[in-house]
Amino acid sequence: MGTNEVVGHSEQRWDAIAKVKGQAQFTGDFPFKNLLYGKILRSTIAHGRVESYDISEAEKVPGVVKILLPEDLPQNKYSTAGHPWTLIPEKQDIRDRTILTRDVRVYGDDIGAVIAKSELAAIKALEKIKVTYKEYPVYITPQQAMADDARRIHEERDNVLASSKVGFGDVDKSMAEADYIIRENLSTSVQQHVHMENQIAVAYQDADQRWTCVSSTQIPHICRRIIAQAVGVSWSKIRVKKPFIGGGFGNKQDAVVEPLVVAMSMACNGQPVQLALTREESIAYTRTRHAIDYNFAIGVKKDGTITAIDCDVISNQGGYASHGHAIGGKGGTFINAIYKMDSLRYTAKTVYTNIATAGAMRAYGMPQVVFALETVMDDAADKIGMDPIDFRMMNRRPDGFYNAMSNVKQINFKVGECLEKGRKEFEWDKKMAASKQYKTGVKRRGLGVAAFSFGTAVYPFGLEVAGARLILMPDGCFKLMLGSTEIGQGADTALSQMAAEAIGVPFKNIIRDSFTDTDIDPYDTGAYASRQSYVTGFAVKEAAEKIKAKILTRAAKMYDVRTEYIDIIDGNIIYMPDGERLATLEDIAMSSYFDMKDGKTITAYSSVNIHQTTYASGCTLAEVEVDMETGRVKLLSIMNVHDSGKIINPLIANGQVEGGMAMSIGYGLSEGIRYSKEGRPLNNNLLDYKLPTTMDLPKLEHAFVETDDPLGPFGNKSLGENPTVSPAPAIRNAVKNAIGIGINTLPLSPENVYEHIQAQQKGDVQNV
Amino acid sequence: MIQEIEFTLNGEAVTCAVDVRKSLLEMLREDFSLIGMKEGCSVGECGACSVLIDEQAVDSCIYLAVWVDGKSITTIEGITHTDGSLDNVQQAFIDAGAVQCGFCIPGMIISSSQFIKENPQPSRDEIRRALSGNMCRCTGYQKIIDAVELAVETK
Ligand code: FES
Ligand code: FES
């Protein structure tokens, strides 16, 4: 690819120096004159209606500027989900909320707000507001919310907010052909993103009388639209600026605070208002990973052939629709993507309840469905007495399989190679043999594996538009302007490498910006679906090719040579027939700015709409030791293997893999929000919500099956989310291999494992 | 209530009339415009706000500003050398690829710098223990631990 070979190298992230110096400015780090502070009044019940507010004492708190009740703000219904807008009404996200509400659907619902001159005054005032409620029954589980006598959480809609059924073949017939049917119930937990920077936004009226919102958002352009819809102004009246972001993982793909903070500034004549959530608010009252219940069956023949997969899904949406059924309804395609079967049925319901609203979270539904699939796959392999890797190998989809459910030809699909590489590099067979010594006694060891398939971006389900602009600067450097969003993952650096590669200049010649600004940067839908290196990659490539062509045209004229004989190599204009350097890029750039006769600056712009996708894949292998007396699972070793096409920047890619593995290890072993039966979150802080620390993780091993994907802009496919998919089920399978108990509820915390061990010892649990 | 305090901040003698209710983190960010330390929890759980007080790493969000009277404080801004060049710990974080979103990084560097001073030849397990009070959601800590090892080697 090119002559420059910037792509494929571990170039240093452009923002690394600022970040180690403490110089990188995040949303909370900008100075604003006369800044006001907003705070949200949160409900202390999970389901009901506010009958009255008494704000008389709160108003007297010195420094209070405004107390806002639901009626004081616009009443437009909107959705916080950060999907691109669609012109097809039935595909639009469910608009089921207003900025503030009297109708309480979750504990901590936004029922009012205070704006004050200091954060302390705002907090004091909050404490003095008295609220009386009419209380309704609280539904924690979808089963409760689906009961015949359950009350509607949203008046205008059934609690089952969506359902779907996909698949092919005759499942009942195929099941009848199986020698065994393995049918299991599984439940996943409520994981939270816990990005280190909480949600924060500042809004103010700018000199042009429009509204600017500086926000820690993954989706500036979409966020602009959501704010405009919520506050009821035309879209161009809103400008969103995203500075450095302290992690998002999907949570900042919902506009959770932005509509309110803009409405607050509007209520204060455009004075700047900051709305910063606390850690406790961020964990409990923003978004979560959907907890999903599966009834999952696999029909299998004695020789290992899968006849059918039958999966029934109930997804716990929480109080508001947000991304809704897009997550629970998603799994069928990816089950079909990875394994062969004669028939598949995938039925799914997404159900409102009164727990926190679930939304997008890294890998968007895949960790849940892969937990279910890989659990039952593993138990099926056990049932027929086959090695779990062999069982997956024999049933995997071949490279080039046409997936009729998504209309995608899975070119360059390498899950088999990942499993083979993992088996070898993890020393699976050796470790498995060694673990046989540890099947009795207090500490027992076992191994587990899980594999997955993964899409890249959202085509054909959603819009895939991205843009890029390049400006040639007088010294031969290029400003790269993107509407995509760097949120810590390294997208800016990877995209800059792509620009350098395609133009033919060193990496250092590309200049990025910490800001993405909807007024300035090209339209791009933002950071989600592991889409940017792919979709925005195409935009960068196109803009780079355009600017390169313009530069070469100008150089050809200046040096009186034919364009096809010259090229840009390492920042120089080279006459290719003999390799002579005709000029530096700076020479061309200076003339483009300052030549009296022919001076015309050189820029290029691209906007792409990508009508293709490519499937990535991978697997995890894990080795655990289980303490039979405490239920504690110690992860002895773990390895991820990824088929993600060409690796643009190995160091950054490795960092994505390690971070994703850590997140999934937490999912498997310790993380989950717990609720009281009244719907109150019980562990919304960093002591009680068990995020892995340095002490909780083993060495994170990983490998790539690297290929040049024939479709990717630079041979690449998705990677950012993929590592979060398979560690949790691999750990679950390893625990089963160690202790002979298959645990189908996440997380496998000491308590959960201990209870399963106890139950088995009492004979309550049917062993798988 | 306002109290006048004197202390050393990144090598410079300073005074401040500070609200006695303020945390050290708030004073540094608001009164001295030192924004390198971050607030990730404000209750001493995450370590994003770490600073050195008399050569001890402390969560500045749960340390009252007035308590630093007479003490010496180093923030991430004081780790960078006065000529603007990077300290070797900072350089090691870059070279090891330990930086992602960067929100935890100032706190990580503060904790690591002090730890290496106290334990110039640490094992990987000792590094893990030393950084167990600093949370990071992006990296899985692996490259952060690599960075500390690299900093030890390049000292
Ligand atoms: S902000 Fe101080 S420990 Fe989290
Ligand atoms: S780099 Fe993002 S929290 Fe550590």
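The centres of domain 1 and domain 3 of chain A, taken over C-alpha atoms, are separated by 39 Å. Where these two domains meet, 17 residues of domain 1 of chain A and 19 residues of domain 3 of chain A take part in the contact. Keep in mind as you explore that this is a predicted model.

**Domains**

- Chain A is divided into domain 1 (16-23 + 460-609), domain 2 (32-136 + 199-276) and domain 3 (375-454 + 613-767).
- For chain B, the assignment gives domain 1 (2-79) and domain 2 (88-153).
- The centres of domain 1 and domain 2 of chain B, again taken over C-alpha atoms, are 21 Å apart.
- The contact between them draws 18 residues from domain 1 of chain B and 14 residues from domain 2 of chain B.

**Nonpolar cores**

- The largest nonpolar core has 150 residues, and the members that touch the most others are A:Tyr294, A:Phe296 and B:Phe93.
- Helix H11 (residues 366-384) of chain A supplies the largest share of this core, with 11 residues.

**An enclosed helix**

- Helix H10 (residues 331-338) of chain A is largely enclosed by the rest of the structure, because eight of its eight residues are buried.
- The buried residues of H10(A) include A:Phe334, A:Ile335 and A:Ile338, along with A:Thr333 and A:Asn336.

- Two packed helices are described by the angle between their axes and the distance between the axes.
- Helix H16 (residues 532-559) and helix H17 (residues 585-594), both of chain A, have axes that come within 10 Å and cross at roughly 90°.
- That angle makes H16(A) roughly perpendicular to H17(A).
- On the H16(A) side, the residues in the contact are A:Ile551, A:Arg554, A:Ala555, A:Met558 and A:Tyr559; on the H17(A) side they are A:Leu585, A:Asp587, A:Ile588, A:Ser591 and A:Ser592.
- By type, the residues of this contact divide into six nonpolar, two polar and two charged.
- A:Ser592, in helix H17 of chain A, counts as buried because its relative accessibility is 1%, and buried means under 20%.
- Not counting residues up to four places away in sequence, A:Ser592 touches A:Leu472, A:Arg554, A:Gly599, A:Lys600, A:Thr601 and A:Ile602.

**A buried loop residue in chain B**

- B:Gln100 lies in the loop between helix H3 (88-95) and helix H4 (105-118) of chain B.
- With 7% relative accessibility, B:Gln100 counts as buried.
- Residues of both chains touch B:Gln100: A:Arg13, A:Lys19, A:Gly488, A:Gly655 and A:Gln656 from chain A, and B:Cys138 and B:Thr139 from chain B, not counting residues up to four places away in sequence.
- B:Gln100 and B:Cys136 are 36 residues apart along the chain, yet their C-alpha atoms are separated by 9.6 Å.

**Backbone details to look for**

- Most residues other than glycine have a negative phi, and most peptide bonds are trans.
- The peptide bond from A:Tyr459 to A:Pro460 is cis, with omega near 5°, and A:Pro460 sits in the loop between strand S18 (443-454) and strand S19 (465-472) of chain A.
- A:Leu746 and A:Pro747 are also joined by a cis peptide bond, with omega about -5°; A:Pro747 is in the loop between helix H19 (727-739) and helix H20 (750-761) of chain A.
- A:Asn412 is not a glycine, but its phi is positive, at about 65°.
- You can find A:Asn412 in the loop between strand S17 (408-410) and helix H13 (415-425) of chain A, where it counts as buried at 8% relative accessibility.
- B:Asp54 has a positive phi too, near 45°, and lies in the loop between strand S3 (50-53) and strand S4 (56-59) of chain B.
- At 41% relative accessibility, B:Asp54 counts as partly exposed.

Definitions and conventions:
Residues numbered from 1 in each chain as written. Chains lettered and ligands numbered in written order. Predicted model: local features only at pLDDT ≥ 70, side-chain atom pairs only at ≥ 80, totals over all residues. Heavy atoms only, no water. Axes fitted to C-alpha atoms, helices over the stretch in contact; angles between N-to-C directions. Helix = DSSP H or I, 4+ residues; strand = E, 2+ residues; numbered from the N terminus. Parallel < 35°, antiparallel > 145°, perpendicular 65-115°, else oblique. Contact = heavy atoms within 4.5 Å. Nonpolar A, V, L, I, M, F, W, Y, C, P; charged D, E, K, R; others polar. Core = buried A, V, L, I, M, F, W, Y, C linked by side-chain atoms within 4.5 Å. Buried < 20%, exposed > 50% of the residue type's maximum accessible area, 1.4 Å probe, protein only. Domains from an automatic or database assignment.
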